[in-house]
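Please read the following report alongside the sequence and the coordinates.

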Amino acid sequence: MFCKSSVQLILSKIMFGNISTCPLKQRVAVCQMNSTDDKERNIRICTELINESYDKEAKIVFLPECFDYIAENKTDSVKMAESLEGDIIKHYKNLAKEKSLWLSMGGFHEKCSTSDGSIFNSHIIINANGELVSVYRKVHLFDVDIPGTVLKESSYVTPGKKIEKPVDTPVGKIGLLCCYDLRFPEISIVNRQLGAQILTFPSAFTFTTGLAHWHVLLRARAIENQCYVIAAAQTGKHNDKRTSYGHALIVDPWGKVVAECEKENGVCVASIDLSLVDSIRESMPVFEHRRYDLYNNPLKNLE
């Protein structure tokens, strides 16, 4: 049980906002965009979003899943894929260095070195020196057949086999996830156990599933892990077969949505207050109360 004064401290931080009390070095930008199969167009949009984020004094920019492209079919998705040494990633490395910005970009259609004709869905982090510092390859693949949505990501994407350690950045320790991972609490819990203060879910949520579950799931992951959650998003109609829900947003560790994008291609900003994370975790130490004697500890899977 936590004391009344602790609750009042947490609530006062939330009610009066975090931006005015946080240094600008902790300012983050989450982006929303509408990708198509035109790579050059998508690069122009992302570059504009990154430049706008720079103008708004963000230190790290979060771009959504499929920021590179959304193809008409899985054959083209594989054919259009590039390696991490290709022109697309080179462009963003140069831009990150030029603007002295960190970039969270995922998932990128990464060409596999295998001969089975598949790709990885990779969430990458580029630092302000233009260096690629982490690559997380999506482990949960979106295979569904429900009214309004039929997709089988596993038919052309190879699942990742590793949970990456959170990345230490100027705004805090960031846990790398991607889209459908949002529906699996265990992987978020592992990231929190590994030290994450921020969980990221760059996404291209379908309109049907997004309308039903997007806000609820993101707020739940923030509340149960006492982390900020940052979810860049695809939005609008990409082609005749695919439409995304949008609503890129930032949620604080108390579950409050502190920023949400409305424009089709747009940026919204907020500041990360790590003292709020610490206050909530200290006042409500739920991770100390977990009963691993009664249920599985997800972290054991990494040992």
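## Pocket, cysteines and strands

By class, 16 nonpolar, 12 polar and nine charged residues make up the lining of the largest pocket, where Ala, Val, Leu, Ile, Met, Phe, Trp, Tyr, Cys and Pro count as nonpolar, Asp, Glu, Lys and Arg as charged, and the others, Gly among them, as polar. The model is a predicted one, in which local features need pLDDT of at least 70 and side-chain atom pairs count only at pLDDT 80 or more, while totals for chains, interfaces and linings use all residues. Residues are numbered from 1 along each chain as its sequence is written, and side-chain values use heavy atoms, with hydrogens and water left out.

The volume of the largest pocket is about 700 Å³; a pocket here is an open set of points on a 1 Å grid over the protein atoms alone, where a 1.4 Å probe fits, with protein on both sides within 12 Å along at least five of seven lines, and lining residues have an atom within 4 Å of a point. The volume is the space filled by probe spheres set on the points, which are joined across faces, edges and corners. Of the 37 lining residues, Phe-142, Val-150, Leu-151, Tyr-156 and Arg-242 are the closest to the centre of this pocket. Two or more lining residues come from each of helix H3 (74-79), strand S4 (119-126), strand S7 (149-152), helix H6 (207-225) and strand S13 (242-245), and the largest share, four residues, is that of S7. Helices (H or I, at least four residues) and strands (E, at least two) are DSSP runs, numbered from the N terminus.

A search of the whole structure finds zero disulfides, a disulfide being a pair of cysteine sulfur atoms within 2.5 Å.

| Cysteine | Nearest cysteine sulfur | Distance |
|---|---|---|
| Cys-66 | Cys-178 | 7.7 Å |
| Cys-179 | Cys-178 | 5.8 Å |

Cys-66 counts as buried because its relative accessibility is 6%, buried meaning under 20% relative accessible area with a 1.4 Å probe and protein chains only. Cys-179 is buried as well, with a relative accessible area of 8%; this residue is found in the loop between strand S9 (172-176) and helix H5 (185-193), and its phi is near 45°, a positive value in a residue other than glycine. Gln-226, in the loop between H6 and strand S11 (228-231), also has a positive phi, near 55°, and is buried at a relative accessible area of 1%. A cis peptide bond, with omega about 0°, joins Gly-106 and Gly-107, and Gly-107 has its place in strand S3 (residues 102-111).

Six strands form an open sheet of mixed pairing in the order S8-S9-S10-S11-S14-S15, where two strands pair if DSSP finds at least two bridges between them. Strand S8 (167-169) and strand S15 (257-260) are the edge strands, each pairing on one side only. Strand S14 (residues 249-251) pairs with S15 in the antiparallel sense over three bridges, and Ile-250 has Ala-259 in S15 as its bridge partner.

S4, one of the elements that line the pocket, runs antiparallel to strand S5 (residues 132-137), to which five bridges join it. Ile-126 stands opposite Leu-132 in S5. S4 and S5 form a hairpin with five residues between them, and Gly-130 in the turn has a positive phi of about 80°.

Technical notes:
Buried means under 20% relative accessible area, exposed over 50%, partly exposed in between (1.4 Å probe, protein chains only).
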